[in-house]
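Let's take a look at a protein together, one feature at a time. Have the sequence and the 3D view ready.

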Amino acid sequence: MENRVNLFRPEEPMDYERRIKILKQRKLEDTKIKSKMKVYQDGDDYGSVPAPEDYQFHCIPNHENGSWYGYEGWSKNFHKLMSEHPVYIDSLDAFSCRWMYSMIWFEEKSPEKRLNWNPDYSYDHLKPEQEKYGIVSGIGADAHFGGDYELGLSLGWGGLLEKLALYREKNPGREEFYDAETLVIQGIQTWIGRAVEEAQRMAEAEQHPVLRENLGFYLDKYDRWSRYEPEEKDAVLVAFATIHGNTAQAAGRMKEILERRGCGRGALVDLCREDQAVAVEEAFRCGRLVAMSPTYDGGLFPAMDHFMAHLRDKTYRSRTAALIENGSWAPSAAKHMRAYLEAMKDVTICPTVHTIQGAVKEADVAAMERIADEVLA
């Protein structure tokens with residue numbers, strides 16, 4: 001395993017086809033090495049890379065047999081591994097880094113030495129039936145577990161820590177569980193920080209412009225996501241929900257007004273027709289938001305309500321937002337959108353909040369002109 005820097009002359013062509021060819025060759029080299037390693041000889045050819053020969057993991061045992069078990073044992077050893085696991089980055093690759101170890105591969109978890117299961121919890125009473133019926137037990141083995149990835153992607157690592165802190169208070173007496181969960185996430189954050197440092201080192205040393213740019217792409221994304229900064233600070237997303245088409249008409253006018261003022265590469269998203277994933281992606285790309293919605297049953301139209309809930313769950317923050325509602329009788333959409341946004345961190349809401357009554361009129365256009373000035377200020 002090595003992080004390759006400056007293997008190619010700066011003037012060498014490095015198009016997509018060449019990168020794929022080189023990556024394929026490197027994959028074949030890695031697989032040849034892994035085929036001679038015991039942990040790969042009875043398993044899949046995972047997306048990992050072989051570890052350097054001079055690295056050895058020394059566990060933190062919490063049992064007299066030298067292995068580890070339970071919440072404390074697994075979380076402490078995972079955190080330790082993340083703090084010292086060698087960082088491998090290939091500047092030709094689309095992945096920012098690769099893994100080398102599964103914790104069950106370590107000698108301290110050897111099934112041959114019966115270290116894979118805590119001996120303090122005997123299952124001898126099950127063994128006669130296992131032998132009688134030829135059952136290959138999964139006790140002490142690992143297994144694939146499909147967690148709720150949407151939850152993790154929505155909250156982010158910081159959001160997951162906040163949620164753990166919240167439920168720790170609600171469930172006293174479960175400190176061991178919450179300590180372990182927290183330590184695992186902190187271990188992942190440590191790993192990401194180490195990967196960023198290595199990518200920075202490689203980017204500073206790399207002379208080939210394409211490969212240096214690829215490393216810079218990783219760094220830019222990590223940096224922005226860690227600080228919740230938009231990819232395009234001056235771009236404005238106009239996100240709208242509409243019932244009869246009046247709010248859609250107003251949203252179109254709003255985008256025209258913003259474009260005349262040079263709002264960057266903005267976006268216009270119909271929340272009733274576009275996938276919510278598209279709307280959320282644009283919200284995080286753009287530094288500014290104009291949210292436009294009719295009132296519906298005394299509240300928000302469902303499409304806008306779902307959009308605001310997605311932003312809240314994904315820890316939307318550090319943005320400027322403007323609100324426009326539509327309704328001729330007891331309009332309240334702006335109030336509900338404001339409640340969502342005020343609960344988010346560092347979201348500045350423009351002072352002008354305008355109510356359109358049905359179709360767009362000249363007075364509405366004048367108000368949208370003021371809102372455009374405020375959201376772009």
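At what angle do helix H2 and helix H5 pack, and how far apart are their axes?

## Two helices side by side

Helix H2 (residues 70-84) packs against helix H5 (residues 175-205) at an angle of about 10 degrees, and their axes are 8 Å apart. So H2 runs roughly parallel to H5; that label covers angles under 35 degrees. The axes here are lines fitted to C-alpha atoms over the stretch in contact, with angles from 0 to 180 degrees between N-to-C directions. Helices are DSSP runs of H or I with at least four residues, strands are E runs with at least two, and both are numbered from the N terminus.

Who does the touching? On the H2 side, the contact includes Tyr71, Phe78 and Met82, while H5 brings in residues including Phe177, Leu183 and Trp191. Contact means heavy atoms within 4.5 Å. The contact residues split into 9 nonpolar, 6 polar and 5 charged. In this scheme Ala, Val, Leu, Ile, Met, Phe, Trp, Tyr, Cys and Pro are nonpolar, Asp, Glu, Lys and Arg are charged, and the others, Gly among them, are polar.

## Where the model comes from

This is a predicted model, where local features need pLDDT of at least 70 and side-chain atom pairs need 80 or more, while totals for chains, interfaces and linings use all residues. Residues are numbered from 1 along each chain as its sequence is written, and side-chain values use heavy atoms, leaving out hydrogens and water.

## A buried glutamine

Now find Gln130, in helix H3 (residues 127-132). Gln130 counts as buried because its relative accessibility is 15%; the cut-offs are under 20% for buried, over 50% for exposed and partly exposed in between, with a 1.4 Å probe and protein chains only. Leaving aside residues up to four places away in sequence, Gln130 touches Tyr123, Ile135, Ser137 and Ile139.

## One cavity

Searching the whole structure turns up 1 cavity of 30 Å³ or more. A cavity is a set of points on a 1 Å grid over the protein atoms alone where a 1.4 Å probe fits but cannot get out, and lining residues have an atom within 4 Å of a point. The largest cavity has a volume of about 50 Å³, that is, the space filled by probe spheres set on the points, which are joined across faces, edges and corners. Its lining includes Asn6, Phe8, Arg26 and Leu211.

## Two positive phi angles

Asn6 sits in the segment before helix H1 (16-34). Although Asn6 is not a glycine, its phi is positive, about 60 degrees. Ala330, in the loop between strand S5 (319-326) and helix H10 (333-342), also has a positive phi, near 50 degrees.

Notes: Angles under 35 degrees count as roughly parallel, over 145 as roughly antiparallel, 65 to 115 as roughly perpendicular and the rest as oblique. On a 1 Å grid over the protein atoms alone, a cavity is a set of points where a 1.4 Å probe fits but cannot get out, and a pocket is an open set with protein on both sides within 12 Å along at least five of seven lines; lining residues have an atom within 4 Å of a point.
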